Amino acid sequence: MTEPVSHLVLTLSCPDRPGIVHDVTKVIVEVEGNIVDSQQFDDPETKSFFMRVEIHTRRSVQEVREAFSPLAQQYAMRWSVNEVGQKVRTIIMVSKEGHCLSDLLYRRRNLNLPLEVVAVIGNHPDLAPLAQFYDAPFLCIPVTKDTKAKAEAELLALIDAENVELVVLARYMQILSDKVCERLHGQVINIHHSFLPSFKGARPYHQAHQRGVKLIGATAHFVTPDLDEGPIIAQEVIPVSHRDSTASMVQKGQDVERRVLAQAVTWYSQRRILLNGNRTVVFE
């Protein structure tokens, strides 16, 4: 009987030095791995090395992790080994706009987006029916100035209890505290309603319409304590003209938002994003 073959993805980043690829390949050979895809990037500015490798092997993911661990320690690597297609345990946070939530849940159900949605958390109850339609648990945690600390403590407790890896802010109209941003560094993806930096604050499409812009867009980025200044993952712009009303710009903008957020979440779930200081390396 043929032994089952694992399809694994290894990602790593570390200070650059000679011999990294050689030694990584050597470990892959030791675990009877066959490389089916490999990408790497050497950043001369940060003197850092980044790599993503997919392998087939008859060894388990835990065996590969154990084999790779000494090398990772030797090179001071940030690294992970996961099964390709493994579902990422995720919380999606929302307010009242449902276009991004609907798109992610549709992709999870119908397009094999590998998310295991532990909960949809809303600071308003408006999107509960949408979450329920897609069989996603909905939890309403209202946020006010007086309850913000309690609400965030409840969020962090849920993340710990459910072993959540990723938090997606799908047009969640609350600012996370510095404490939460630092605690979840590299694990929170936000979608911003413009091609950053531009039109911050309320009613962005109204601002854009009043300025007569010719391009609108969206930016997906990791969340940091610096509001809307986190490492950028994906961006897209589309043309608009004098013929567009505010309403049509909102519609076009929301369409871009859902696409860009879905792209960023997809890349994250496929282990294609590596942090590089204030930037990202994305192996498409």
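This is a predicted model: local features need pLDDT of at least 70, side-chain atom pairs count only at pLDDT 80 or more; totals for chains, interfaces and linings use all residues.
Which strands and helices do the buried residues of helix 3 pack against?

Residues are numbered from 1 along each chain as its sequence is written, and side-chain values use heavy atoms, with hydrogens and water left out.

The overall picture, then. The protein has eight helices and 13 strands; these are DSSP runs, H or I over at least four residues for helices and E over at least two for strands, numbered from the N terminus. Its C-alpha atoms fill a box of roughly 60 × 40 × 40 Å along the principal axes.

Of the 284 residues, 49% count as buried. Buried means under 20% relative accessible area, exposed means over 50%, and partly exposed is in between, with a 1.4 Å probe and protein chains only. Among contacts with a separation of 6 or more, 69% join residues 24 or more positions apart; a contact is heavy atoms within 4.5 Å.

Now helix 3, residues 99–110. From first C-alpha to last, its 12 residues reach 16 Å, close to the 16 Å expected at 1.5 Å a residue, where the expected span is 1.5 Å times one less than the number of residues. His-99, Cys-100, Leu-101, Asp-103, Leu-104, Leu-105 and Arg-108 are buried. An α-helix has 3.6 residues a turn, so residues three or four places apart point the same way.

Back to the opening question. The buried residues of helix 3 pack against strand 5 (88–94), strand 6 (115–122), strand 8 (166–169) and strand 9 (188–192), and also against helix 4 (128–133) and helix 8 (246–269).

Leu-104 turns up again in the largest nonpolar core, which has 42 residues. A nonpolar core is a set of buried Ala, Val, Leu, Ile, Met, Phe, Trp, Tyr and Cys residues joined through side-chain atoms within 4.5 Å. Those with the most contacts inside this one are Ile-92, Leu-104, Val-120, Ile-189, Ile-233, Leu-261 and Val-265. Helix 8 gives the most to this core, with nine residues. Apart from it lies another core, of 22 residues, among them Leu-156, Val-164, Leu-169 and Val-188. As for Val-265, leaving aside neighbours within four places in sequence, its contacts are Leu-104, Leu-113, Leu-115, Leu-166 and Val-168.

Two asparagines next. Asn-112 lies in the loop between helix 3 and strand 6 and has a positive phi near 60°. Asn-112 is exposed, at 69% relative accessible area. Asn-163 sits in the loop between helix 5 (148–161) and strand 8, with a positive phi of about 55° although it is not a glycine. At 61% relative accessibility, Asn-163 counts as exposed.

A polar atom of the Asp-43 side chain lies 2.9 Å from the backbone nitrogen of Glu-45. Not counting residues up to four places away in sequence, Asp-43 touches Ser-48, Phe-50, Asn-276 and Arg-279.

Key:
A polar contact is a pair of N or O atoms within 3.5 Å; within protein, one must be able to donate a hydrogen and the other to accept it, and residues adjacent in sequence count only if both atoms are side-chain atoms.
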